[in-house]
Amino acid sequence: MQILVAPSILSADFANLASELKRAEVAGADWIHVDVMDGHFVPNLTIGSPVVASLRQHTKLPLDVHLMISNPDQFLKAFAEAGSTHLTVHVEACTHLQRILSQIRLLGMKAGVALNPATPLDMLTYVLDDLDLVLIMSVNPGFGGQEFLQSTVTKVRALRQMLNNAGRHQVHIIVDGGINASTASKVIEAGANVMVAGKYVYGSADMSLSIASLRGNSSTRPRHHNPSVTGNHHT
């Protein structure tokens with residue numbers, strides 16, 4: 001599968017988000033990753049659907065929205081109306097996971113499930129047909145800048161095999177936490193195809209080079225975004 005890079009705005013300059021989006025787009029980003037935290041499910045508080053709506057006005061890139069919140073079912077419509085392209089919920093926060101994934105798709109978004117580091121893959125067994133994305137947390141969620149957990153590589157490899165066995169070859173495997181050129185190469189080899197990176201991209205002197213290095217090459221030439229690859233509706 002094509003290797004995609006989704007810079008996380010958690011590490012961007014929040015006073016200048018419009019220009020930070022444009023900077024990532026020009027540098028070759030494929031998606032923009034948006035971390036939504038409620039201070040309950042995770043020990044931090046970030047942004048909500050109004051900020052996503054503002055972001056939507058300033059970029060044509062897919063908005064990959066990661067809900068690290070309790071009771072996500074209460075907010076699906078709000079994030080859809082805000083312009084989210086993908087909406088990912090945590091399995092640990094969902095009592096009725098299949099229903100939530102179905103609702104996300106009905107609202108016109110791609111449906112994703114995130115797993116914390118200690119959450120087993122078998123939590124996905126009965127929702128594989130309802131998934132477009134699986135986000136593997138390679139750190140415990142809640143804060144940026146944490147160190148990559150090496151057990152993630154084994155988990156990604158097992159997930160890719162699980163998806164292949166179920167005939168779900170086109171489901172994106174996203175890895176989020178401690179991603180840099182070295183850790184990206186490990187999880188890509190294991191079967192992941194979407195790299196979420198915050199500080200590594202937004203904190204770099206050359207964003208184009210950092211994004212390219214996550215794909216395993218050193219070219220600084222930005223790639224042309226192809227909306228047909230990552231459009232707003234599930235398939």
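A salt bridge is a side-chain nitrogen of Lys or Arg within 4 Å of a carboxyl oxygen of Asp or Glu. In this predicted model, the side chains of Asp30 and Arg215 meet that description, with 2.6 Å from N to O. By this rule the count comes to five salt bridges. The chain that holds them has 235 residues, with eight helices and eight strands.

**Overall form**

- The C-alpha trace of the chain spans about 45 × 35 × 35 Å along its principal axes.
- Buried residues account for 55% of the 235 residues in the chain.
- Of the contacts between residues at least 6 apart in sequence, 65% join residues at least 24 apart.
- The chain exposes about 10,200 Å², and 52% of this area is supplied by carbon and sulfur atoms.

**Nonpolar cores**

- The largest nonpolar core contains 63 residues, and Ile9 and Leu124 have the most contacts inside it.
- Helix 5, residues 151-165, gives the largest share of this core, namely five residues.
- Apart from this core lies another one of 11 residues, including Leu133, Leu135, Ile174 and Val196.
- Leaving aside residues up to four places away in sequence, Leu124 touches Val113, Leu115, Leu131, Val134, Leu159 and Met162.

- Strand 1 runs parallel to strand 8 (residues 194-197), and four bridges join the two.
- Within this pairing, Leu4 has Val194 of strand 8 as its bridge partner.

- Side chains of opposite charge can pair when their charged atoms come close.
- The bridge between Asp30 and Arg215, at 2.6 Å, links distant parts of the chain, as the two residues are 185 residues apart.
- Asp30 lies in the loop between helix 1 and strand 2 (32-37), whereas Arg215 lies in the segment after helix 8 (207-214).
- Both Asp30 and Arg215 are buried.
- Glu189 and Arg157 form another salt bridge through their side chains, with an N to O distance of 2.5 Å.
- This pair also links distant parts of the chain, with Glu189 in helix 6 (residues 181-190) and Arg157 in helix 5, 32 residues apart.
- Glu189 is classed as exposed because its relative accessible area is 56%, and the cut-off for that class is over 50%.
- Arg157 has a relative accessible area of 38% and is therefore partly exposed.
- Lys22 forms a salt bridge with Glu25, in which the closest N and O atoms are 3.9 Å apart.
- Lys22 and Glu25 both belong to helix 1 (residues 17-27), where they are three residues apart, about one turn of the helix.
- Lys22 counts as partly exposed because its relative accessibility is 43%.
- Glu25 is likewise partly exposed, with a relative accessible area of 23%.

Conventions: Residues are numbered from 1 along each chain as its sequence is written. This is a predicted model: local features need pLDDT of at least 70, side-chain atom pairs count only at pLDDT 80 or more; totals for chains, interfaces and linings use all residues. Side-chain values use heavy atoms; hydrogens and water are left out. A nonpolar core is a set of buried Ala, Val, Leu, Ile, Met, Phe, Trp, Tyr and Cys residues joined through side-chain atoms within 4.5 Å. Buried means under 20% relative accessible area, exposed over 50%, partly exposed in between (1.4 Å probe, protein chains only). Contact means heavy atoms within 4.5 Å. Accessible areas come from the Shrake-Rupley method with a 1.4 Å probe; for residues, only the protein chains shown count as cover. Two strands pair if DSSP finds at least two bridges between them.
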